[in-house]
Amino acid sequence: MPLLKDIYEKLLERGHKLTPQRWAILNIFLQNKGRHLSADEVYTHLKALYPNNGIATVYRTIDLLVDLGVLKKLEFGDGRARFEIYDPDEPHHHHHLICTRCGSVTEFQDDLMESLEVAIQKKTGFQIQDHIVTFYGLCRSCQAELHQARG
Ligand SMILES: [Zn+2]
Ligand SMILES: [Zn+2]
Ligand SMILES: [Zn+2]
């Protein structure tokens with residue numbers, strides 16, 4: 001988990017202040033770790049604390065935090081960008097499971113990709129340094145709902 005102190009220093013280094021709104025948005029991400037929030041969702045959380053802020057504040061702050069490397073932008077091809085705190089201590093970035101029905105995002109921590117990487121390297125001579133993996137399918141609750149609907 002990145003420390004607030006480090007994030008604060010990053011902002012200062014680049015000449016930005018930690019305004020109450022920025023602080024609140026950062027905290028929303030820190031408190032929702034593993035939840036992959038969209039800008040709309042962040043806005044909903046923020047409105048509860050600062051009813052006078054527009055969604056433009058959220059977009060601007062998120063852009064800044066992505067720029068500083070504090071947040072990671074995730075695109076899963078459904079036209080809705082999601083964001084998560086970038087954790088420099090996480091040895092390998094986790095994989096994501098996306099439900100094509102409800103859009104839920106689940107993290108998958110085990111890697112299981114090493115043997116695939118070895119196979120690709122052997123076959124192509126390509127030296128793999130990293131990978132980003134997204135799996136698409138149906139989450140458990142969608143499967144249960146579909147099952148019930150069928151009777
Ligand atoms: Zn689902
Ligand atoms: Zn994630
Ligand atoms: Zn992996």
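Predicted model: local features only at pLDDT ≥ 70, side-chain atom pairs only at ≥ 80, totals over all residues.
1. You will find H36 in the loop between α2 and β1.

2. Now look at the backbone of H36. Its phi is positive, about 55°, although H36 is not a glycine. That deserves a second glance, because most residues other than glycine have a negative phi.

3. Which residues hold the zinc ion (ligand 2)? The protein donors are H36, H94 and H96, each through NE2, together with E84 and E107, each through OE. They lie 1.9 to 2.6 Å from the ion.

4. H96 belongs to strand β4 (residues 95–99) and E107 to strand β5 (residues 105–108), so the pair ties together parts that are 11 residues apart in sequence. Are the two buried or exposed? H96 is buried, with a relative accessible area of 3%, while E107 is partly exposed at 23%.

5. E84, another zinc donor, sits in strand β3 (residues 82–85). E84 is buried yet has no salt bridge. The nearest side chain of opposite charge is that of K72, 6.4 Å away, and a salt bridge would need the charged atoms within 4 Å. The side chain of E84 does make a polar contact with the side chain of H36, at 2.8 Å.

6. What else surrounds E84? Leaving aside neighbours within four places in sequence, E84 is in contact with H36, H94, H96 and E107, and also with V70, L71, K72, L74 and H93.

7. Next, helix α2, which covers residues 20–31. This helix has 12 residues and spans 16 Å from its first C-alpha to its last, close to the 16 Å expected at 1.5 Å a residue. Within α2, the residues A24, I25, L26, N27, I28, F29 and L30 are buried. Their cover includes the helices α1 (4–13), α3 (39–49) and α4 (55–67), as well as the strands β1 (37–38), β2 (71–74) and β3.

8. Finally, visit L112, in the loop between β5 and α5 (114–124). L112 also has a positive phi, near 60°, and is not a glycine.

Definitions and conventions:
Residues numbered from 1 in each chain as written. Chains lettered and ligands numbered in written order. Heavy atoms only, no water. Donors = N, O, S within 2.8 Å, 3.2 Å for Na, K, Ca; no water. Helix = DSSP H or I, 4+ residues; strand = E, 2+ residues; numbered from the N terminus. Buried < 20%, exposed > 50% of the residue type's maximum accessible area, 1.4 Å probe, protein only. Lys, Arg positive; Asp, Glu negative; His and termini not counted. Polar contact = N/O pair within 3.5 Å; in protein donor to acceptor, adjacent residues only side chain to side chain. Contact = heavy atoms within 4.5 Å. Expected span 1.5 Å × (residues − 1).
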